[in-house]
Amino acid sequence: MNTSLIAMGIAFLVVIGLVVNLGVLSLLSGAFHFLFARPKFLVLKSNISATGLAFGHKWNSAREPAKFDKVKLRFFNPFGKPTHVEIEREFAAKTTDFAVDVDFGNSLKDVLQTKNLDDSSIQFELVSSKDGITHQFEYKMRKFLEKFNQASETADDFNNTNEYVKDKPLFETTTKTFIADELPEGEVAQIALPTNPAFQAAFAGAGGGGGASAEPQENFEVKKVWIADGCIVCDACENIYPEVFEVLEDTCIIRPDAPLNDGLKILEAAEACPVEVIKFDRA
Ligand code: SF4
């Protein structure tokens, strides 16, 4: 037999072996999950008089993320009274193993007092309304009552043992929307800045601290301008007078060739500085 045929045969067997192994591993994983990682329902001791029923719920929340927020109790008793009871209760949504103590009301008393222990059964359905997931657990009534009467762990005990992460408090945030008035047709949008020539009249005198209604202030020369400690690099000064101010990564500097003849503009930058670190001396 030629060697290439032998090599192909070996390769074929290796591939078949890999496929079979993967299949077996997948089956084992499914079986493991079915046997050991199935969701669990634990009957606990209620602290709510005769109408309360506490239970714990465990499931693999990493594999099956869900927010459980509802429980449905169904009682089936075909040969006795009541023949069928269905109670539904909601609770704050839980995302990991949790226990709750639920008041199911007076109907629960009828369920617990049934005499048909071998013919009746009780079913609990945990529901995640948001995720559309349900987990169902069913007991013969005799078995359930045994667990119910023997339960000693409360919902609080369960949550403490399982380090249940309590729901984070929700804080309401206010949402605001600001909508500017529409510009009249044909007008070009202009920003009302003191350096915009179209608004110079409105801002005349603003540098002198007198407001828009003050008399226009006479310009002046500056002898020296400098930045004191505390610049927060907000860029305001450079936006107003880039020929004089240069904002670096961690501070602002005065350009070496800065023109000092427009004192009003330097004053405007100084007044715009939020931390008031722009200083200057008039000439
Ligand atoms: S306006 Fe003031 S804080 Fe802002 S970059 Fe200029 S000097 Fe710094």
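Modeller: Gladly, and pairing comes first: two strands pair if DSSP finds at least two bridges between them. Helices (H or I, at least four residues) and strands (E, at least two) are DSSP runs, numbered from the N terminus. Keep in mind that this is a predicted model, where local features need pLDDT of at least 70 and side-chain atom pairs count only at pLDDT 80 or more, while totals for chains, interfaces and linings use all residues. Residues are numbered from 1 along each chain as its sequence is written.

Colleague: How do you know that β3 and β4 pair?

Modeller: Strand β3 (residues 68-76) and β4 share eight bridges in the antiparallel sense. The rule asks for at least two, so they count as a pair. One example is Lys 70, whose bridge partner in β4 is Glu 90.

Colleague: Which sheet do those strands belong to, and in what order does it run?

Modeller: An open sheet of four strands, in the order β4-β3-β6-β7, with antiparallel pairing.

Colleague: What makes β4 and β7 edge strands?

Modeller: β4 (84-94) and β7 (133-140) each have a single partner strand, so one side of each has no neighbour in the sheet.

Colleague: How many bridges join β6 to β7?

Modeller: Eight, and the two run antiparallel. Gln 123, for instance, has Glu 138 in β7 as its bridge partner. The two strands form a hairpin with four residues between them, and Gly 132 in the turn has a positive phi of about 65 degrees. Helix α3 (residues 141-150) lies across β6 (121-128) and β7, at about 95 degrees to β7.

Colleague: What about the open sheet of three strands, and what is its order?

Modeller: That order is β1-β2-β5, again with antiparallel pairing. β1 (40-44) and β5 (98-103) are at the edges because each has a single partner strand. The twist there averages 25 degrees from one strand to the next. Six bridges join β2 (residues 52-58) to β5, and Phe 55 stands opposite Val 100 in β5.

Colleague: What makes something a nonpolar core, and how many residues does the largest one have?

Modeller: The largest has 23 residues, with Leu 44, Ala 54, Phe 55, Ala 99 and Val 100 having the most contacts inside it. A core is a set of buried Ala, Val, Leu, Ile, Met, Phe, Trp, Tyr and Cys residues joined through C-beta atoms within 7 Å. Val 100 touches Ala 54, Phe 55, Phe 91 and Ala 155, leaving out residues up to four places away in sequence (contact means C-beta atoms, placed from the backbone, within 7 Å). Another core, of 15 residues, lies apart from it and includes Cys 231, Cys 237, Cys 252 and Ile 278.

Colleague: Why is Asp 235 called exposed rather than buried?

Modeller: Asp 235 has 12 other C-beta atoms within 10 Å. Buried takes 20 or more such atoms, exposed 12 or fewer, and partly exposed is in between, with C-beta atoms placed from the backbone. So 12 puts Asp 235 in the exposed class. Glu 276, with 11, is exposed too.

Colleague: Is the bond from Lys 81 to Pro 82 cis or trans?

Modeller: Cis, with omega near -10 degrees. Pro 82 is in the loop between β3 and β4.

Terms used
Axes are lines fitted to C-alpha atoms, for helices over the stretch in contact, and angles run from 0 to 180 degrees between N-to-C directions. Two residues are in contact if their C-beta atoms, placed from the backbone, lie within 7 Å.
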